[in-house]
Amino acid sequence: MSSAVTRRSTSSASDTTARRVRATSARGARRAARAAADLAAARGDGPEPTVPPDVVDAVRGLGERLHRRGAIRPRRLLDAATEREAGHGLVTDLALDLLDRPGLTAAEQAILLDLPCGCGRPVRPRVHRLLRHRDPHVRKKAIRLLAGRDARALSASLVPLTRAEDPQTVRHALLALEEANAAWAAPAIAACLDHPNMNVKKTAAGALSAVRAPEAVPALLAWLARHDNPGFRHALVGALRATLRGAFAATVRAAADGTDDARARTRLLSVLRRTGEHPAAWLAEHGWAPEVARRAVTAETPRAADQSALRAMLPHWLGLAASGDPGASVLRFVLALCKPPWTDAELACFATSARSLADAVPHLDGCARARLLDLLAAVIPRTGPAGRRALAARLHALPPSRDVFALLHRCGDAPTGGELRRALAAARHGENPAEAETALLREAFARPPREPRAEDSAAPPPAASGGRAAPSGGRAAAPRSCEPPRTEPAGAVAGAAGSGRAVGDGPGLDAPAGLVARLRDAGRSAEAVRRLRATAGQAPGRSSREWLGALIEVFPAAAPEARDELLDWMLALQPLGVPAWTIGEEARRTRAERTPHPDDLDQPWSAVQRERLLRMLEDGTAEQRATAARLLLDRPEPAVRLPVLHAYLDGRLDIEVTPRLAGTLLDLPGEGAPVRPSPRSADAAALERFVRVVGCLDADGIGGFVPVLVEAWEHGGAGVRARARAALRRAPADLVAGAIESRVEAGERGLLDLVAGRPVLRTPVLARTVERLRADGRGDLADRLDLVDGPFRPPGAARRDAEALAALRERRDPPPEPTRAELLARAREGAVPDVRRALARLVEGARTPDPELAGLLAELLGHRERRIRLQALRAARRVLPREEYLDRTVALLEDRDSDVVLTAIRTLAHAEWAPAVPGLIALLDHPRPVVARDARDALVRLGERAIPDLRHAEGRARPDRRRFYAEVIGRIRDGRTPAPER
């Protein structure tokens, strides 16, 4: 009886414990399921949600407590050896049980797949089906879960997933294959190198590094030869090194030798840089490679032997700087590498990047800033009118300073009043404020803007560099050597701050002492300045330039409340950007009476004046002889100019030889016989002066002096020979050949050097000379003689001439107007000018609606020519409905030309077209800064409508790129509108 009661009591206690365990387990399962459902409902664009740790800890703690009590229910506790295993086992089984429930959403399944962990129980049979789930997040989590447990057994199921459409599934499948070391799956992994997503490419390269499959080497080498992404290239190199090991260098070098593409060869060889080798030395030996070039920028100064080769890569360096140059490090390296003087080719190359150079001015200081300003001053004249206008717009966007004002004047522009006030305010808080303010005012008011002259490109102006004029030889003059950072602005004119003279081309800014004293007394208050300004017009004999110079001198020491009055006075006297207003003042001045003298040189031309100048030319001082020569050469009569020529050839006159002086030779009888010296007996100095005069003639003029030049080349000194040879090389080659034919026939073959390398009419003498040269073994000289049979005319020239004459004689009716069908065909298939004309005619006669013209515009918006795409966009605005026009404009956000993209951005921003938001977001990391800036401004203009897409893009972006989206969202939330366009 007692045993039966005991059994009933024990059975009752066991049932109660089991019911409690089942109830507790059920509550844990419900709690975990409820948490997963809540998280799935709250899932948005932010980080992926997970089950809160307190829920997981509660279920794990339940399993540990049940294990301590020795409970046998749930059955999952029977396999646990420790409390920790029991807790993890309960969490895993609860998650798997919940996953087996019907009706779960994809978000709930993805959250639950994060729960199983740390348990040896078989998970694959219950999770394997989820590898084929529709949702990519579920597939990703299932791959991640199974890869950590039995990836090797799972690898056969992972290979098909490498061909999935979403990148996340492919990437996690590759990671699982990498963990399983699935070498047999190398072809499938290598195929993922062609995936359009860069993360997938890098993951595939990393997986190949683990599996080490030789069959993947060709694919790895092919991508290494054609891609420049640094991270991807690092992964490719790692995979090749892991696979090839000791044969890595030989294999890569063999691949480089087997390609004909110079760019691919450079990419391959760039990974073979020897340990300790300077990147600059590698570039000088192998050629350009962007990744090596960026290492060279941050490395030590290259050797002098490598600098010439690196300097020859200037276009590549400028392209590297344009692709991304944080902190202007690449440009700083270029400025240190390309020291002045600069060649014409280098200046032309810099001119193509003038805008980027101007944008870098605020980022440089010291020696680099001074050299950049010198370079910009030399480059600006080569940019053309349109380029100078665009460059001036960039300069207006920079912080105003004296250097920026000097460059604006160089562009033919001038600072605005607001920029001048901001520059003065900044100078007030710097070092030496008085000198800085004076220099700013003189730069702003004393240098009128002008169009750059052709000679300006030879050397920077004094205000920019202080350099000297360019020497001959195609190189711009070197500015002064870089000095340590100074207190004055880089490129400032030495002494300009304290001088009273003008800095530039305008009238002088003299500051009379009395005027300065009056203004200094008035500068103590604004009221005193106003009173003095009201009475300034009554001061006799004072010009506006004198007032302006005095105002500039007293401005730094004036009271703060009087400074605005003084500046307004300066702007009234001399508005910025216009020439000095002194014409009326000069006209009103009373000319001082001058008593004429008989020996004045400004008298009307007469016989007496001629005799006076001739006497000065014979008996005057050196300065008087030069003045008389200048006045005599201005006369048209050859007999008047001839004494000047005689005086120069005799050595009595030392002036620069001009075409006017040289032309006097052509006015003499007998081709200059009266003054022609004999090269065999003439004085060496006289012969050199004669050859110098002849060298200033044009090619036809030199032809009459070929015989004497040939003799001078034979018998003159080194200087005479060089000048005579230069003149003979400019003379007609047939005349030179005719002058030397008889002597060449006699065996004087050295004279052939005068016609070598130039087309010469074939004559019997020259033909026999070439044959003799080849017979005597002088084929090198014979090859340099270019004998032609007559004047060159292209084939069919006579026929074309006859047709042209016949067309001129024939009267033709104007062609008929093209039909609409012809215009449409011409717009689709014609040349660029024909397409533009046909499109303009079609738009003029367009009717609404016009489906045929709308289809044509859709085709032309994808035309290869930028001009046609822009014209089609303008035509679409007139012809298409607004919604269709804006939709077509959205498609241009992906255009290959950044200028077209800028036009599309500004059009869509002005229209506030919300469907353009995704396309604008894609442009936030555009390599061209102005495109990224306009895209940000357009999104800010669109306002709150852009925030959802920005949040989505921020969540999917790399951590280092999220700041672009956060900045735009912050501007939208703060209500900051973009700055208006200038």
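This is a predicted model: local features need pLDDT of at least 70, side-chain atom pairs count only at pLDDT 80 or more; totals for chains, interfaces and linings use all residues.
**View 1. Helix H31 and its contact with helix H33.** The axes of H31 (residues 607-619) and H33 (residues 638-649) come within 11 Å and cross at roughly 5°, and the two helices are therefore roughly parallel to each other, given that angles under 35 degrees are classed in this way. From H31, the residues Arg 610, Leu 614 and Leu 617 meet Ala 639, Val 640, Pro 643, Val 644 and Ala 647 of H33.

**View 2. The buried residues and the span of helix H31.** Gln 609, Arg 612, Leu 613, Leu 614, Met 616 and Leu 617 are the buried residues in H31, and the buried residues of this helix pack against helix H32 (622-633) and H33. At 1.5 Å a residue, the 13 residues of H31 should span 18 Å, and this agrees with its end C-alpha atoms, which are 18 Å apart.

**View 3. The salt bridge between Asp 344 and Arg 382.** The side chains of these residues meet at 3.0 Å, N to O, and the pair links distant parts of the chain, with Asp 344 in helix H19 (residues 344-351) and Arg 382 in the loop between helix H21 (366-379) and helix H22 (384-396), 38 residues apart. Asp 344 has a relative accessible area of 38% and is therefore partly exposed, and Arg 382, at 30% relative accessibility, also counts as partly exposed.

**View 4. The salt bridge between Arg 743 and Glu 748.** The closest N and O atoms of this salt bridge are 2.9 Å apart. Arg 743 is partly exposed, with a relative accessible area of 22%, and Glu 748 is likewise partly exposed, its relative accessible area being 36%.

**View 5. The salt bridge between Glu 912 and Arg 945.** The two side chains meet at 3.6 Å, N to O, and they link distant parts of the chain, Glu 912 lying in the loop between helix H48 (898-911) and helix H49 (917-922) and Arg 945 in the loop between helix H50 (929-942) and helix H51 (947-956), 33 residues apart. Glu 912 counts as partly exposed at 36% relative accessibility, as does Arg 945 at 44%.

**View 6. A network of salt bridges.** Arg 421, Asp 564 and Asp 568 are linked in this network.

Methods. Residues are numbered from 1 along each chain as its sequence is written. Side-chain values use heavy atoms; hydrogens and water are left out. Axes are lines fitted to C-alpha atoms, for helices over the stretch in contact, and angles run from 0 to 180 degrees between N-to-C directions. Helices (H or I, at least four residues) and strands (E, at least two) are DSSP runs, numbered from the N terminus. Angles under 35 degrees count as roughly parallel, over 145 as roughly antiparallel, 65 to 115 as roughly perpendicular and the rest as oblique. Contact means heavy atoms within 4.5 Å. The expected span of a helix is 1.5 Å times one less than its number of residues. Buried means under 20% relative accessible area, exposed over 50%, partly exposed in between (1.4 Å probe, protein chains only). A salt bridge is a side-chain nitrogen of Lys or Arg within 4 Å of a carboxyl oxygen of Asp or Glu.
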